[in-house]
Amino acid sequence: MRKIIIIFLIIILIGFASPSYGIKDDEQQDPLTISAQTSILIEANSGEALYEKNAEEKTYPASITKIMTALIAIENGNLDKMVKISQNAAGVEGSSIYLEKGELISLRDLVYGLMLRSGNDAAIAISEEIGGSTGNFVIMMNKRARELGAFNTNFMNPNGLHDPEHYTTAGDMALISRAAMQNSEFKKIAATKDWVTDRGEGKYNYFYNKNKVVYQYDGGTGIKIGYTKAAGRTLVASSERNGMELICVVMNAPDWFQDTYKLMDYAYNQYETVKIADGQRPIKAVRIWQGNKNFILIGPREDILCPIRKDTENEISIEYVLPGRQKAPVRRWQEAGHMKIYVNDCYLFSKPLFYMEDVE
């Protein structure tokens, strides 16, 4: 009988993280043998690694680079803005949406062309529109990577064409992809099977998604494939079943889709998610001073879910890192602190908590 014990702790100081409880390289079982040189499988809500193989080894990303390109475009641009295509963008080698110099096309269509058709020309057009130049855009890419904790990544271009100094790791790509999939616009684009533009008669107007995950895999939701001779086949895939969301990265993987499906099947068979807290429902209260109330309620914005192994005894403990008291005024959804989740004394992840009402 599976047993889950939840222990609630309240602390002010932040403790040290404990090791992960997922399967690591030296624990891999024969059924999980894969062709990929490097890989990682994470549960998207928590970021917890459920499987790793050489996940911190540097390798070339090829076109999964465009995940970062699309994220920056969505975060920093107006998708309805019309973009004028330069000669630089029109003349890019490799995968293309066949942009022409002087053509006007919406930033939205460029992002769809980037993600669904892997347009190298779309990547250059996006970089020039958002960054003012491709060089400035690459600086933005590397800055965003650092913000996300992807410290073993260095981008040299927005499309993933080979450069010996353009590299990443499976672990870093999982961090970047998790952030991208938390953006609702990005997530919608990544899951799209086909997209029709209005570029005019005779233009390349129909984009279908090259990523077979959205067609083949039960619950597949995205996100991007890549290939160069130097990088081999690279794939970041995502899926969702029964409330559990997964992100899988395989790099230099001859059997890229088969590797991915095997790893995701493993996770759905071996793990399930337990709800730790309901979104937008209070779970704690903090004393208020100099306000029109004595206490203020605190809770998460969204449901907080935790991955656990099925058919095993699991002890879940929670540490609340909150102020002893809060000075008014306070606004609803102002960040209040965070909760730290442990399973069997192993630290998994933290989630922010917010004040759930206004206090004058």
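This note sets out numbered points on the structure shown above.

1. Basis. The model is predicted, so that local features require pLDDT of at least 70 and side-chain atom pairs count only at pLDDT 80 or more, while totals for chains, interfaces and linings use all residues. Residues are numbered from 1 along each chain as its sequence is written, and side-chain values use heavy atoms, with hydrogens and water left out.

2. Overall fold. The protein contains nine helices and 18 strands; these are DSSP runs numbered from the N terminus, with helices being H or I of at least four residues and strands E of at least two. The radius of gyration is 22 Å, close to the 21 Å that the globule rule gives for 360 residues, so the protein is as compact as a globular protein of that length. That radius is taken over C-alpha atoms, and the rule is 2.2 Å times the number of residues to the power 0.38. The C-alpha trace spans about 65 × 55 × 35 Å along its principal axes.

3. Of the 360 residues, 54% count as buried. Buried means under 20% relative accessible area, exposed means over 50%, and partly exposed lies in between (1.4 Å probe, protein chains only). Among contacts with a separation of 6 or more, 65% come from residues 24 or more positions apart; a contact means heavy atoms within 4.5 Å.

4. Surface and charge. The protein exposes about 16,200 Å², of which carbon and sulfur atoms supply 47%; the areas come from the Shrake-Rupley method with a 1.4 Å probe, and for residues only the protein chains shown count as cover. There are 41 positive and 45 negative side chains, and the centres of the two sets lie 4 Å apart. Lys and Arg count as positive and Asp and Glu as negative, with His and the chain ends not counted; each charge is placed at NZ of Lys, CZ of Arg, CG of Asp or CD of Glu.

5. Helices α1 and α9. Helix α1 (residues 66–76) is mostly covered, with nine of its eleven residues buried; among them are K66, I67 and M68. Helix α9 (residues 256–270) has 15 residues and should span 21 Å at 1.5 Å a residue, which agrees with its end C-alpha atoms being 21 Å apart. The expected span is 1.5 Å times one less than the number of residues. The buried residues of α9 include W256, F257, D259 and Y268.

6. A191. This residue lies in helix α7 (residues 184–191) and counts as partly exposed at 34% relative accessibility. Leaving aside neighbours within four places in sequence, A191 is in contact with V214 and T221. From A191 to M356 the separation is 165 residues in sequence and 32 Å in space, C-alpha to C-alpha.

7. Backbone points to inspect. Most residues other than glycine have a negative phi, and most peptide bonds are trans. The bond from G222 to I223 is cis, with omega near 0°, and I223 is placed in strand β8 (residues 220–228). A328 and P329 are also joined by a cis peptide bond, with omega about 5°; P329 is in the loop between β16 (325–327) and β17 (335–343).

8. Positive phi. N252, which is not a glycine, has a positive phi of about 50°; N252 lies in the loop between β10 (244–251) and α9 and is partly exposed at 29% relative accessibility. D345, likewise not a glycine, has a positive phi of about 70°. D345 lies in the loop between β17 and β18 (346–355) and is exposed, with a relative accessible area of 56%.
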